[in-house]
Amino acid sequence: MSKSYFSICTVVFFFHLGGVTMQSQERIANIDLTEDREFFEEQLSALYAYYELQGTTEILRIKDLEIEKASLTLNLMIGGLSDWIAVHESYDKEEPNAYGKDLFEKFVHLMEVPEDLATIWIRSMSNEPNEEVTVMIAYRDDAVRVFGPDLSLRGSVERTYVITKPPSIVTASIEEVDENILELIRTTISDYYVSRNVDWEDGCCLIDEDANSLTFYVRNLKGEIIHDCGLFCPFEYIVLNIRLNRDTSDNLRLTYNLQGKYGSGIFIAPRKSGYKDMELNKYKSYLPDYIVRIKNLIKDVLKN
Amino acid sequence: MGTEAQFRLHIGNFIFYSILGLFVLLIVLYVMVGLDDEEFIELLKIFTPIKAVYVTGLIKYVIANKKEIKIDRRRKQPSFSPLYRNVTKFMIYSHILSLFTVILGYALFNFVEWNVLKNLIIGIETFFGSYIGLLVTSLFPLSET
């Protein structure tokens with residue numbers, strides 16, 4: 001079952017590859033990731049530290065990192081299919097492939113590469129037919145996709161997505177409502193970040209939008225996540241992803257994913273590669289608190 | 001012009017206070033988050049052994065000359081040649097000045113990446129280190145007691 005599913009996925013993947021636009025090909029032609037080999041190798045130890053922090057180093061091992069001109073591939077080894085399923089079951093998110101997606105996002109975040117140039121391959125160490133598993137995680141069609149065994153078909157929880165009609169009192173369609181909500185969130189968060197610009201250097205605030213999610217890339221802020229640093233605060237680099245999902249009863253769910261980095265500097269912020277991951281050091285505890293603050297900000301706006 | 005003893009005192013004071021100043025600067029920049037924990041510790045690891053070599057030479061000289069030397073003011077005191085004095089001053093001042101410049105440039109303005117800064121510091125220490133080692137040994141000889 002898992003093998004045939006994977007074959008289909010592989011065909012679909014190569015089909016998608018053919019659809020890469022000329023524009024992105026031109027952009028990729030100008031990139032040479034091999035120039036930053038030293039940085040990537042340094043970040044690989046940070047990635048290992050992150051897996052250690054998650055307690056997954058026993059079952060998930062880093063094999064190697066392939067650095068090519070326009071692609072960065074992380075090869076991971078996992079015990080077998082049962083380990084892959086166990087890791088997902090112990091993961092605290094309802095989405096079937098949340099673990100794989102979070103692995104990918106952390107990889108991209110630490111390596112500082114565009115999402116479409118990064119790939120993660122996870123292969124099983126076990127040779128038993130029932131335990132063999134190959135998973136590919138990559139950015140395709142404006143979203144992070146996990147190509148591998150269908151985890152939604154396993155376990156007792158039914159995860160099939162059913163779109164039901166909205167209640168009769170709502171005149172707008174669900175899509176329109178979602179669009180308006182996303183727009184409201186986009187305005188609220190970007191206004192908030194723009195209002196928090198530091199004096200010495202303009203904070204930059206990029207928004208990456210796709211169908212049902214918003215990603216904010218905010219750099220060069222001080223005292224935002226690390227809010228109690230007093231007079232002297234490190235520079236922060238925040239990647240905040242807000243995803244809008246609807247469950248089977250059309251209830252709205254907002255999923256937050258926050259990646260924070262910090263860097264030293266008094267007047268001028270460090271370069272992008274000069275930032276360090278907050279999750280791997282003493283600032284880790286600030287991240288959940290910050291998500292609560294952002295949630296409350298959005299909640300207040302949505303209530304009104 | 002100044003005598004040998006005065007020049008020695010001047011250079012000895014400069015080395016001692018500039019090294020002290022360097023460590024104070026590192027602490028101040030760390031407190032102001034111009035350097036983060038890892039950077040601060042790594043710079044301490046780089047500077048402590050290198051600077052210890054200079055200070056040890058200086059302290060050895062001080063210990064070897066702990067007794068007050070009576071100067072006969074009627075006799076003309078020896079002095080170093082202008083070339084020696086200028087080269088010594090140039091090397092010691094440039095060394096400290098370049099270290100202060102790169103560290104402040106990084107902490108205040110992030111003018112280079114961390115790895116580049118480390119290489120710069122190691123380069124500066126290697127370039128000046130051997131010359132200053134020679135000058136300090138000749139300026140503060142243990143045999144001259």
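This is a predicted model: local features need pLDDT of at least 70, side-chain atom pairs count only at pLDDT 80 or more; totals for chains, interfaces and linings use all residues.
Local features required a pLDDT of at least 70 and side-chain atom pairs a pLDDT of 80 or more, whereas totals for chains, interfaces and linings use all residues. Residues are numbered from 1 along each chain as its sequence is written, chains are lettered from A in the order in which they are written, and side-chain values use heavy atoms, with hydrogens and water left out.

Chain A contains seven helices and ten strands; helices (H or I, at least four residues) and strands (E, at least two) are DSSP runs numbered from the N terminus. Of its 304 residues, 43% are buried, a term that means under 20% relative accessible area, with exposed meaning over 50% and partly exposed in between (1.4 Å probe, protein chains only). Among contacts in chain A (heavy atoms within 4.5 Å) with a separation of 6 or more, 59% are between residues 24 or more positions apart.

The size of an interface is often given as the accessible area lost when the parts come together. Here, 17 residues of chain A are in contact with 19 residues of chain B. The two chains bury about 1,500 Å² between them, 50% of it on carbon and sulfur atoms; buried area is the accessible area (1.4 Å probe) that two parts lose on being put together, summed over both. A:Phe232, A:Ser264 and A:Ile266 supply 37% of the area that chain A buries against chain B, more than any other three residues.

Side chains of opposite charge can pair when their charged atoms come close. A salt bridge is a side-chain nitrogen of Lys or Arg within 4 Å of a carboxyl oxygen of Asp or Glu. Over all chains there are eleven salt bridges, and the count between chain A and chain B is three. One of these joins A:Lys282 to B:Asp37 at 3.0 Å, N to O. In another, between B:Asp36 and A:Lys276, the closest N and O atoms are 2.4 Å apart. B:Asp36 lies in the loop between helices H1 (4-31) and H2 (37-64) of chain B and A:Lys276 in strand E10 of chain A, so this pair joins two chains. Both residues, B:Asp36 and A:Lys276, are buried.

Within chain A, A:Lys106 forms a salt bridge with A:Glu279, with 2.7 Å between the closest N and O atoms. A:Lys106 lies in helix H5 (residues 98-111) and A:Glu279 in the loop between strand E10 (276-277) and helix H7 (286-303), so the pair ties together parts that are 173 residues apart in sequence. Both A:Lys106 and A:Glu279 are buried. Together with A:Asp277, these residues, A:Lys106 and A:Glu279, are linked in a network of salt bridges. A:Lys261 and A:Glu112 also form a salt bridge, the closest N and O atoms being 2.6 Å apart. A:Lys261 lies in strand E9 and A:Glu112 in the loop between H5 and strand E3 (118-124), so parts 149 residues apart in sequence are tied together by this pair.

Strand E9 (residues 252-263) also holds A:Asn257. At 13% relative accessibility, A:Asn257 counts as buried.
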